[in-house]
Amino acid sequence: MSSQTEAAAIAARSVPGLPRNDDGPVFREPWEAHAFAMAVTLHGRGLFTWPEWAAELAAEIRRAQAAGDPDCGDTYYRHWLATLERLVATKGLASAETQLRYRDAWDRAADRTPHGRPITLDPSDFSPA
């Protein structure tokens, strides 16, 4: 078992509410798997512990529920991503502003990329259109 596979298995056991089946985590969309993989990678690099992650994720879900999220299960990975973004900013890896700048650049790059082609960032993607 690779270290990434083992880390994913530990995450699946350590984080309450993680959508899973007998084989491990399940994802409805590719971005959910990417968000999961980023969290596993950052955990592996020592950014946070799984108990810390679980506490932050629970706090994010409580905030969302207080704001009206019905918590039907379909927003779980949106909370996962919000938690990831918050921890990345809190731990000083990338500020919320930097994350927003890259998200906007990625959107511009995706908009100009033909379907089926790899998306690449270009310096012009960082300038508003």
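These legends go with close-up views of a predicted model.

**View 1. An aromatic cluster.** Eight names to look for here: Phe-27, Phe-36, Phe-48, Trp-50, Trp-53, Tyr-76, Tyr-77 and Trp-80, which together make up one aromatic cluster. Searching the whole structure turns up eleven aromatic pairs.

**View 2. Phe-48 meets Trp-50.** Zooming in on this pair, the ring centres of Phe-48 and Trp-50 sit 5.7 Å apart. Their planes are at 65°, so this one is edge-to-face, the cut-off for that label being over 60 degrees. Both partners are tucked away: Phe-48 is buried at 4% relative accessibility, and Trp-50 is buried too, with a relative accessible area of 5%. Both rings also belong to the aromatic cluster of View 1.

**View 3. Helix α5 from end to end.** This helix takes in residues 96–112, 17 residues in total. From its first C-alpha to its last, α5 reaches 25 Å, close to the 24 Å expected at 1.5 Å a residue.

**View 4. The two sides of α5.** Gln-99, Ala-105 and Ala-109 are the ones to pick out as buried in α5. They cover an arc of only 130° around the axis, so they end up on the same side of the helix. Now check the face turned away from that buried side: there α5 carries Glu-97 and Asp-111, both exposed.

**View 5. What α5 packs against.** Which helix do the buried residues of α5 pack against? That would be α4, residues 76–90. Tyr-76, Tyr-77 and Trp-80, seen in View 1, are among the members of the aromatic cluster.

Notes: Residues are numbered from 1 along each chain as its sequence is written. This is a predicted model: local features need pLDDT of at least 70, side-chain atom pairs count only at pLDDT 80 or more; totals for chains, interfaces and linings use all residues. Side-chain values use heavy atoms; hydrogens and water are left out. Rings of Phe, Tyr and Trp (its six-membered ring) pair if their centres lie within 6.5 Å; planes under 30 degrees apart count as stacked, over 60 as edge-to-face and the rest as tilted. Buried means under 20% relative accessible area, exposed over 50%, partly exposed in between (1.4 Å probe, protein chains only). Helices (H or I, at least four residues) and strands (E, at least two) are DSSP runs, numbered from the N terminus. The expected span of a helix is 1.5 Å times one less than its number of residues. The arc is that of the directions from the helix axis to the C-beta atoms. Contact means heavy atoms within 4.5 Å.
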